[in-house]
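Let's walk through this structure together, one part at a time.

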Protein chains: 2
Amino acid sequence: MGKEPQKVQIIPLGGLGEIGKNMTVIQYEDDILLIDAGLMFPDEDMLGIDLVIPDITYLLENSDKVRGIVLTHGHEDHIGALPYVLKQIDVPVYGTRLTLGILEGRLKENNVDCGNLHAVMPGDIINAGCFSVGFIRVNHSIPDAVGLSIKTPLGMIVHTGDFKLDYTPIDGKMTDFKRFSDLGNKGVLLMMADSTNAEKEGHTSSERTVGIAFDKAFHNAKQRIIVATFSSNVHRIQQVIDTACRYKRKVAILGRSMVNVVNISLELGYIHAPEGTLIDIDEIGNYTGSQVVIITTGSQGEPMSALTRMAMSDHRKVNIVPGDTIIISATPIPGNEKLVSRTVDNLLKLGANVIYGRNEGIHVSGHASQEELKLMHNLVRPKFFMPVHGEYHHLVKHAKLARDLGMPKENIFIGENGQILEITKEKGALTGKVTAGRVLVDGLGVGDVGNIVLRDRRQLSQDGILIIVLTMNKQTGEVLSGPDIVSRGFVYVRESEALMDEARERVEQALERCQDSNITEWAAIKSNVRDALGRYLFEKTRRRPMILPIIMEV
Amino acid sequence: MGKEPQKVQIIPLGGLGEIGKNMTVIQYEDDILLIDAGLMFPDEDMLGIDLVIPDITYLLENSDKVRGIVLTHGHEDHIGALPYVLKQIDVPVYGTRLTLGILEGRLKENNVDCGNLHAVMPGDIINAGCFSVGFIRVNHSIPDAVGLSIKTPLGMIVHTGDFKLDYTPIDGKMTDFKRFSDLGNKGVLLMMADSTNAEKEGHTSSERTVGIAFDKAFHNAKQRIIVATFSSNVHRIQQVIDTACRYKRKVAILGRSMVNVVNISLELGYIHAPEGTLIDIDEIGNYTGSQVVIITTGSQGEPMSALTRMAMSDHRKVNIVPGDTIIISATPIPGNEKLVSRTVDNLLKLGANVIYGRNEGIHVSGHASQEELKLMHNLVRPKFFMPVHGEYHHLVKHAKLARDLGMPKENIFIGENGQILEITKEKGALTGKVTAGRVLVDGLGVGDVGNIVLRDRRQLSQDGILIIVLTMNKQTGEVLSGPDIVSRGFVYVRESEALMDEARERVEQALERCQDSNITEWAAIKSNVRDALGRYLFEKTRRRPMILPIIMEV
């Protein structure tokens, strides 16, 4: 290293400028620690894509340096890319028990070895290369979430993970204020903190307030109750079970991911249900409506989920009947509003009483609002600060909050994925860039759908395709059969015969012009056909379908 | 009619169970009055569709009975289908001056005759068949909005149109409480009322509160100000102009629809700007940033709009520079949240100060919240009530509000598009159905894209298409050339050569099996090829592209 000052590099590979696929590299000389490895759900314009994971080129190029992966909690946007990462890098993975329990399920589904997972408890410290990493309990919308203290040769780094401050958590285990405060007293070089709710004023409500709303809803319900929520919201599920017990109702769990998480949570002791409370979904017929609660998936109106199927009268095991009370215990994620509205409407049409929306107290966020962020900043009092986990406007708002608390502007860094933040003991700077970005997963294909394929899908989705096929004599260039035109997704052919007839004529004219001008190169013929037909169709329909000429030769 | 009791029929052809394409038929014997004729923007799953209009089969079948069309205001979801309707039905159209001014622009764009438009003033009464229709001033997010009193042989029908109650409207012209109250005193048979905000508690804020937020933003802005809002929000535009004048700034108007509406409004006197205030966008270079305001479109993050282009550094006339203040004076319509977030992020990255979101006071709704709805119900006190303009859950909430006010359940009707509400003087009932639904407009095509085309577009958008072409000898069935495989939107072929080679082999094997089994029918051969290839590709990729075999014969 010569005279160069020692430095720690922080390289976010995901989660900055976006909600999702959180992944951060901490590097000191030849030691790399990876924090989280999450996935993201595709934007609307990523047609046909199932999920998006971070580009890990940088990790693969430096795989001999990676000392370990530490996980903050078990949400998909923090662990969902691990099945892909661990296929390519074999390093120890550290997480709390519930986090690893959920992760193991994902790894098994993807046939990835689970041998190198190491369970930790909040309060534990592990070593990974030159780093020692402490796990600090935080509240979030999943139990067993942690923030991290990362001791580096240059000083302490604190990463909050996703967090909120809940003074009345369901399991009685609060965010470990003392630990954050102790770290602050000893001196923290850098803090990275959750920015998801940096635009929300005030304080995020306690999870316990949802229990009060549940109690009211259960009190009023005369018949069956169905609660839809995120399967990972274990405390929410616990509150449904607790309320059900108070109202002497049995609880059935429905939906693949809900059943998985509840089973893991029961096994590991994160959910408690008195003997005989939980029943199989097939047993609900043995009870009257007033004796039953069903907990299920579909709170986002996901097309294949249990609640959506019920709303469409298309579920094998549950028929919605008038008098059912349905509680949608979640807020629509941006982009899902219409799906949720449609589900609500379908349930209402079936005569159900549906409790949904922001005013009902049936959902709270898992992320810290502005007043909680201020408290965290005041506890940790870092020298440098980088807002993480958020779209750019969230990061900007969080940075402004730090400035308002008195932090110097030059100590705050709004980074982006792939951009290196270098810090010494004295100063920090955003410096170079490493490869970073998104890798699209479509079915079994990881990264084989890129911009060209997406562009084609977009064009196909808008105006469909016309295929023009003809067979030519290899020697003479004479057209032996065709041109035939086949269209898909353009117009319904039976109702547009005149248009298609005229289209065929335009193709024939273009071919004749080629012959007259002695144009014999296929590429040139195809391009002439494409242009002539494209112009005609646009003029007639104002649409631009993909036009694909195919010339066969015999 | 014999002994049958006299009845009025109300037939909504759009706007029930949805936000948009509002259109309602009022029929008494052989007289039909049509209220509004709006369009709707397509759902995400209507790929490639530009807009959606109501199915007017019922009107066309009864075109000799239609006595007139009355318009409540100039928003697209109330007038946007008229270019299509008036091409097929020639009847008088009645609306206020601004409504007709905007409509004329639309009709001209679509080459539809504007000869039969008749301007009315709030307070006027017109006759159409057996009906006489009064126009009642209401507040909304566009000036010159009206509700309707429709005198029928059986009694009075009141239609609120889209409305709110603004005690401090910008033009000083309040919702005409007295008129609604007078109608109530005389007795109203049926009320139809706007349900858009039936889920919102309290009272919608006055448009004037936005002016206060503007004043604060202008006070703080040191450089250029850009305000994005809906072009139809004429009062909002007036408030920007007024604030600009106070701060001695010139105002430039940008964006095609914004320029259109401002010109019409200036011409008709709905916008007032002191001499010299408005400048051409090309003149902004003559002023410093602190002397300029630009009013523009793009408040919904629409991809082709002026603000979105500026945010992408892709606008011909305006470059965003650090220090610019951008005010997004609108709330994202459900479904547009991500587009708006992206625009905000891009503007922030360019160094602009962006004022957006619900907490800034820079936008208010144009629709009545619950307390306003209650007042309207109390003024009009109708015998029967039908909530209109809203998704099903809005209608349900509005019906519940009416019940809570003491209206008997059997006098409240939650209808759906096409369903007939029949009322006599004594009672009402939802009876039969007429044809109703949605007609998709794609480019110049009206209704030529149906479910089959949409299904194809959906499949193409998800996994693309593979085309298999081969040439056969007509007599012998011998394959003369091919099979060639061409794919689009499936995988990027250069990176998946092995997959495509194997795919070709599977096709050849399928063809051989056909030959061996003497399968000579084309349909059978194609289906064999499709099945074999589809199975192989799904196994290898978990994708289901469209597979299109084409056999040419020579």
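This is a predicted model: local features need pLDDT of at least 70, side-chain atom pairs count only at pLDDT 80 or more; totals for chains, interfaces and linings use all residues.

Residues are numbered from 1 along each chain as its sequence is written, chains are lettered from A and ligands numbered from 1 in the order in which they are written, and side-chain values use heavy atoms, with hydrogens and water left out.

Let's begin with chain A as a whole. Its C-alpha trace spans about 85 × 80 × 45 Å along the principal axes. The secondary structure comes to 15 helices and 26 strands; helices (H or I, at least four residues) and strands (E, at least two) are DSSP runs, numbered from the N terminus. Of the 554 residues in chain A, 57% are buried. Buried means under 20% relative accessible area, exposed means over 50%, and partly exposed lies in between (1.4 Å probe, protein chains only). Chain A exposes about 22,900 Å², with carbon and sulfur atoms supplying 47% of that area. Such areas come from the Shrake-Rupley method with a 1.4 Å probe, and for residues only the protein chains shown count as cover. Among contacts in chain A between residues at least 6 apart in sequence, 71% join residues at least 24 apart.

Now bring in the second copy. Two copies of a chain are related by a rotation about an axis and a shift along it.

With both chains in view, look at a site recorded in UniProt. An unreviewed entry there lists G48(A), D50(A) and D442(A) under "binding site". These residues span 395 residues in sequence, yet no two of their C-alpha atoms are more than 6.8 Å apart, so they gather at one spot. UniProt positions are given in the numbering used here, feature names are shortened, and annotations may be inferred rather than shown by experiment.

G48(A) is in the loop between β3 (31-35) and β4 (51-54) of chain A, and is buried at a relative accessible area of 10%. Setting aside residues up to four places away in sequence, G48(A) touches D442(A) and R457(A), along with S461(B) and Q462(B).

What about D442(A), buried or exposed? D442(A) is buried, with a relative accessible area of 2%, and lies in strand β22 (residues 438-442) of chain A. Beyond residues up to four places away in sequence, D442(A) touches residues of chain A including G48(A), I49(A), D50(A) and V449(A). From chain B, D442(A) touches Q462(B), D463(B), T541(B) and R543(B). The side chains of D442(A) and R457(A) are joined by a polar contact of 2.8 Å. A polar contact is a pair of N or O atoms within 3.5 Å; within protein, one must be able to donate a hydrogen and the other to accept it, and residues adjacent in sequence count only if both atoms are side-chain atoms.

Turn to chain B for the counterpart. D442(B) is found in strand β22 (residues 438-442) of chain B and is buried, with a relative accessible area of 2%. The side chain of D442(B) makes a polar contact of 2.8 Å with the side chain of R457(B). Leaving aside neighbours within four places in sequence, the contacts of D442(B) include Q462(A), D463(A), T541(A) and R543(A).

Another "binding site" feature comes from an unreviewed UniProt entry, and among its positions are N233(A) and V364(A). N233(A) lies in the loop between β13 (225-228) and α7 (234-246) of chain A, and counts as buried at 2% relative accessibility. Apart from neighbours within four places in sequence, N233(A) is in contact with S141(A) and E207(A). V364(A), in the loop between β18 (353-355) and α11 (370-380) of chain A, is buried at 8% relative accessibility. With neighbours within four places in sequence left aside, the contacts of V364(A) include E207(A) and R236(A).

How values were computed. Contact means heavy atoms within 4.5 Å.
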